[in-house]
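Please read the following note with the model open beside it. The points are numbered so that each can be checked in turn.

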Amino acid sequence: MLKSFYPKLRIVARDNVLRVLGDEEQMASFEENIEKLRKHILKFNSLGEEDLIDIVKGHRTKDDIPEGVLVYSMSGRPIKARTENQQRLIEFYEANDMVFAVGPAGTGKTYLSIALAVKALKEKTAKKIILSRPAVEAGEKLGFLPGDMKDKIDPYLQPLYDALEDMLPQVKLQDMMEKHVIQIAPLAFMRGRTLSDAVVILDEAQNTTPQQIRMFLTRMGWNTKMIITGDTSQIDLPRPQQSGLVEALHILKDVDGIGIVELTKKDIVRHKLVTRIVNAYEHHDKEREEKSKTGNQQIDNTKDGESINKD
């Protein structure tokens with residue numbers, strides 16, 4: 001298609017190199033448009049025939065200035081807030097250096113947070129992305145996992161890889177990870193570090209202990225933004241261990257520079273069944289709590305009666 005637009009040029013493509021010979025004026029135009037195409041792909045992760053024609057002819061592409069879009073997925077789908085609370089998360093991120101996003105499964109906490117981080121990286125407002133998760137098993141013991149350290153922690157961090165792979169080309173993502181532009185690490189490896197010039201995301205924070213989350217929050221360096229996500233209804237810590245996220249929300253609720261967004265079941269953007277499942281479990285938890293209260297009251301009444309009879 002490019003050759004058809006530049007009949008006076010001889011264009012040869014070998015591997016990832018284009019060699020161009022011919023008319024100087026067309027060569028200058030060709031180079032300028034190639035740079036526009038490169039930027040388009042970097043922004044939208046896709047390049048259709050219509051986009052190529054519009055760019056070469058000097059027209060503005062239809063998706064040039066979309067409203068509210070953070071980044072584009074590998075399929076070219078725009079990633080942006082889909083609910084009011086998700087939009088609040090974006091606004092709080094822009095207004096604060098630290099944001100807590102708390103809500104049930106499927107509300108887009110992790111996905112939207114990683115989209116904000118990828119956007120910062122593409123716009124060069126951050127030099128790196130650091131993603132972390134506590135390595136806590138969800139109710140089952142996995143035992144000793146084979147392999148080196150990376151092999152052992154990868155199963156816990158897979159949801160983070162999934163989101164990144166949806167927003168960045170595989171080759172580029174691999175290159176960024178090798179160069180430590182994108183770092184994925186378990187929470188235990190954060191002690192002693194100062195995290196500067198970065199967007200730092202702590203996922204599944206409900207499974208941190210008070211000591212762990214306190215250690216993590218104090219890693220913050222200059223020109224850094226932190227996003228802490230979690231679901232207080234899915235705590236996998238062994239009893240009676242207290243969740244660090246619950247404690248942190250209580251302690252930091254009135255601190256300037258920290259935004260707290262509470263997402264609800266209305267913000268669930270997964271399959272419609274996820275909303276129904278969350279509703280059913282909430283109803284079940286309320287019934288169990290009411291039964292527990294009724295049982296405790298009966299025990300208290302019995303004790304009072306016994307004490308009166310003894311007197």
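1. Basis of the note. This is a predicted model, in which local features need pLDDT of at least 70 and side-chain atom pairs count only at pLDDT 80 or more, while totals for chains, interfaces and linings use all residues. Residues are numbered from 1 along each chain as its sequence is written, and side-chain values use heavy atoms, with hydrogens and water left out.

2. Six strands form an open sheet in the order 7-6-8-9-5-10, with parallel pairing. Strand 7 (182-186) and strand 10 (258-262) each have a single partner strand and stand at the edges, so one side of each is left without a neighbour in the sheet. On average, neighbouring strands of this sheet are turned by 15° against each other, direction ignored. Helices (H or I, at least four residues) and strands (E, at least two) are DSSP runs, numbered from the N terminus; two strands pair if DSSP finds at least two bridges between them.

3. Strands 5 and 10. Strand 5 (residues 98-102) runs parallel to strand 10, and five bridges join the two. One of the bridge partners in strand 10 is Gly259, which is paired with Val99.

4. The aromatic pair. Rings of Phe, Tyr and Trp (its six-membered ring) pair if their centres lie within 6.5 Å; planes under 30 degrees apart count as stacked, over 60 as edge-to-face and the rest as tilted. The count by this rule is one aromatic pair. The ring centres of Tyr6 and Phe30 are 5.4 Å apart and the planes stand at 80°, so the pair is edge-to-face. Tyr6 lies in the loop between helix 1 (2-5) and strand 1 (9-14), and Phe30 in helix 2 (residues 24-44), so the pair ties together parts that are 24 residues apart in sequence.

5. A charge over a ring. Lys225 lies over the face of Tyr93, at 5.0 Å from the ring centre. The rule requires NZ of Lys or CZ of Arg within 6 Å of the ring centre and within 35 degrees of the ring normal.

6. Helix 7. Leu173, Met176 and Met177 are buried in helix 7 (residues 170-178); buried means under 20% relative accessible area, exposed over 50%, and partly exposed in between (1.4 Å probe, protein chains only). Seen down the helix axis, the buried residues of helix 7 fall within an arc of 100°, so they line one face of the helix; the arc is that of the directions from the axis to the C-beta atoms. The face turned away from the buried side of helix 7 carries the exposed residues Val171 and Glu178.

Note on methods
Axes are lines fitted to C-alpha atoms, for helices over the stretch in contact, and angles run from 0 to 180 degrees between N-to-C directions.
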